[in-house]
Amino acid sequence: MKRRAPSDKSTTDEECDDSDEIAQNQDQDDNSSQATLSESDLAPAEGGGDHSGSGINNSTIKTALIPLNSPSLNQLATSLGLLITHSDIDVNDVIVKSECLPNKHKQQHAHPSVCHHWLRDSAAAGRILPIALYVLDDYNPNNSEDGSDDLPPNPQSKNACFRIHPLNSPNEHLVHALRILKQDRVARDERWNALAYSRAAAMVKSFPHRIRSKDDIRLQLSYDSNDTVHTKNIGEKKIRAKIEEYLNYGRISEAETIQNSASHKLYNALCSIQGIGPRRAYELSRTGASSLGELVERGSITQEDVTLAQHLELGIPRTEVSSIAGVVMENARTLLPHPTHAICGGYRRGKSESNDIDILITHHGYTLQQMNEFLANLARRLQDMGFLTKLMRQLSLSDGHSDKHDYQSTLLGVVASSSKYGTTDSAQVTFRRVDIIVCHPHSFHLEVLAWTGSVMYERDLRAFVKRRNLKLNASCVYDEHTNNEVDLSGIRSERHLLAFLHLPWIAPENRNCD
DNA sequence: TGGCAATAGA
DNA sequence: CGTAT
DNA sequence: GCCA
């Protein structure tokens, strides 16, 4: 459930962790599906060779690690001619080792490991499925062909997606001050100035050590040809001066002023309301009102909006994030046999408290229309049981996405989360923002990448990819001139995807740029 | 001095 | 164009 | 506001 710190590198533990992060179902439904397995189910696909560009076929698979208590999986593996080894890593995981992929030239790298749901789903589908959604070794440096292709991070890059941004910075104070300046620029409708401050803050956040002086910066940063300190995204004039002020006096006076101003506080409160952004917040805050309550009395905003905002402002503990996702998936499984899902967002980045819950769901063998129908049914079901209390938006897929570059459908809503199970006491209920996304299996890892964030990471990711005339969005990569999509069906992991895009592997915990 | 992520709905 | 992801 |  929880990802460990990147420093801890126990091989087998990593594998267990990975199987959890991108959960191929919980396992309570395994027995029922296993009951349906049989050799004949797989017969049409046996020896069928290369499916869906995954480069995996039956004859390349050598060994399978199978839970001791899964006779039917054992039987299935035997029918595929796999050498069976029993796993003591995790009873719920079967790890399948395959031969080298045909289009790889390196001899050295290890084989991808796949969780046992690959076997089960393949049986259910009656064909050998691509392993893309089932690979487990994303984060295993010793056993990952992806790992061997990793580019190193570049601390000096101007792009956040090349740098390490841990959850907690040793310079949190300074980062915070820069963010206040950023907020102020947004409020002043100076969006590009605001962007510049976001970038500067991200840059500082990537410093691994506390900086106390310019000398500390020298140790940390790069130089230009004149031997002067030059850090990308921190210009010579404005932001540089503010950082020096901070180093000298331990504060940035402008940030202090902004933070103490009443208008800034009202502005921020307004922005926390759904549907109110910089523009309306600015307009409302300059009507002379001094509090949200006043604006409610005037009828500019409703009390419900304010109350909801107060709920949504509260951080969501990790345990609650996973239990809410659990409720969603539990209901999802009643509508869809074996969904694959991942909890993304701040949760995946390791935050102890999230702002919302981002749940990504996909499935093999379903069309997008079917997935979209599934999402609509899921929404209805969650509403009927009183869990989903508000649908802020539900996007529908237009059926012919031929030239639309969109392979996903999203639901943005609010759920009533209660600490005590089944309670209807409103005092025990907190409202939480939930995003549910269904997507095409081929774009799953790209969707994971997109929905994990942070915002700056995504921006710089797309900006970088664009330099190769490629456009990247949440569901596909395509040539911005020819409009041709890049085939991602063979992408086996998020890590593999980053390597494919010529980007370094930055663990989710280190994408906290905002 | 132009560009700064990409995309959708209201 | 505003707000949202 | 910063970068190329």
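Buried means under 20% relative accessible area, exposed means over 50%, and partly exposed lies in between, with a 1.4 Å probe and protein chains only. This is a predicted model, in which local features need pLDDT of at least 70, side-chain atom pairs count only at pLDDT 80 or more, and totals for chains, interfaces and linings use all residues. Residues are numbered from 1 along each chain as its sequence is written, chains are lettered from A and ligands numbered from 1 in the order in which they are written, and side-chain values use heavy atoms, with hydrogens and water left out.

View 1. The structure holds one aromatic pair. A pair of aromatic rings is described by the distance of the centres and the angle of the planes. Rings of Phe, Tyr and Trp (its six-membered ring) pair if their centres lie within 6.5 Å; planes under 30 degrees apart count as stacked, over 60 as edge-to-face, and the rest as tilted. Phe 162 lies in the loop between α6 (145-148) and α7 (172-187), and Phe 464 lies in helix α20 (residues 455-466), so the pair ties together parts that are 302 residues apart in sequence. Helices (H or I, at least four residues) and strands (E, at least two) are DSSP runs, numbered from the N terminus. Are the two residues buried or exposed? Both Phe 162 and Phe 464 are buried.

**View 2. Two arginines over aromatic rings.** The charged end of Arg 191 sits over the ring of Trp 192, 4.4 Å from the ring centre. Arg 318 lies over the face of Tyr 347, at 4.1 Å from the ring centre. A charge sits over a ring if NZ of Lys or CZ of Arg is within 6 Å of the ring centre and within 35 degrees of the ring normal.

**View 3. Helices α8 and α10.** Helix α8 (residues 191-205) packs with helix α10 (residues 238-249) at an angle of about 45°, and their axes are 11 Å apart. Axes are lines fitted to C-alpha atoms, for helices over the stretch in contact, and angles run from 0 to 180 degrees between N-to-C directions. The two helices, α8 and α10, are therefore oblique to each other. Angles under 35 degrees count as roughly parallel, over 145 as roughly antiparallel, 65 to 115 as roughly perpendicular, and the rest as oblique. The crossing of α8 past α10 is right-handed. A crossing is left-handed if the near helix is turned anticlockwise from the far one by less than a right angle, and right-handed if clockwise. Leu 195 is found in helix α8. Leu 195 is buried, at 14% relative accessible area.

View 4. The axes of helix α12 (residues 262-271) and α13 come within 9 Å and cross at roughly 135°. This makes α12 and α13 oblique to each other. Their crossing, α12 with α13, is right-handed. Arg 279 lies in helix α13. With 59% relative accessibility, Arg 279 counts as exposed. Arg 279 and Arg 188 are 91 residues apart in sequence, and their C-alpha atoms are 9.3 Å apart in space.

**View 5. Ser 290 in its loop.** Ser 290 is placed in the loop between α13 (278-285) and α14 (292-298). Ser 290 is exposed, with a relative accessible area of 56%. Which side chain does the side chain of Ser 290 contact? The partner is Glu 294, in a polar contact of 2.8 Å. A polar contact is a pair of N or O atoms within 3.5 Å; within protein, one must be able to donate a hydrogen and the other to accept it, and residues adjacent in sequence count only if both atoms are side-chain atoms. Ser 290 and Arg 279 are 11 residues apart along the chain, with 17 Å between their C-alpha atoms.

View 6. Ser 489 has its place in the loop between β13 (477-479) and α21 (494-500). Ser 489 counts as buried, at 5% relative accessibility. A polar contact of 2.8 Å joins its side chain to that of Asp 487. Asn 483 also lies in the loop between β13 and α21. Phi of Asn 483 is near 70°, a positive value in a residue other than glycine. Asn 483 is partly exposed, with 38% relative accessible area.
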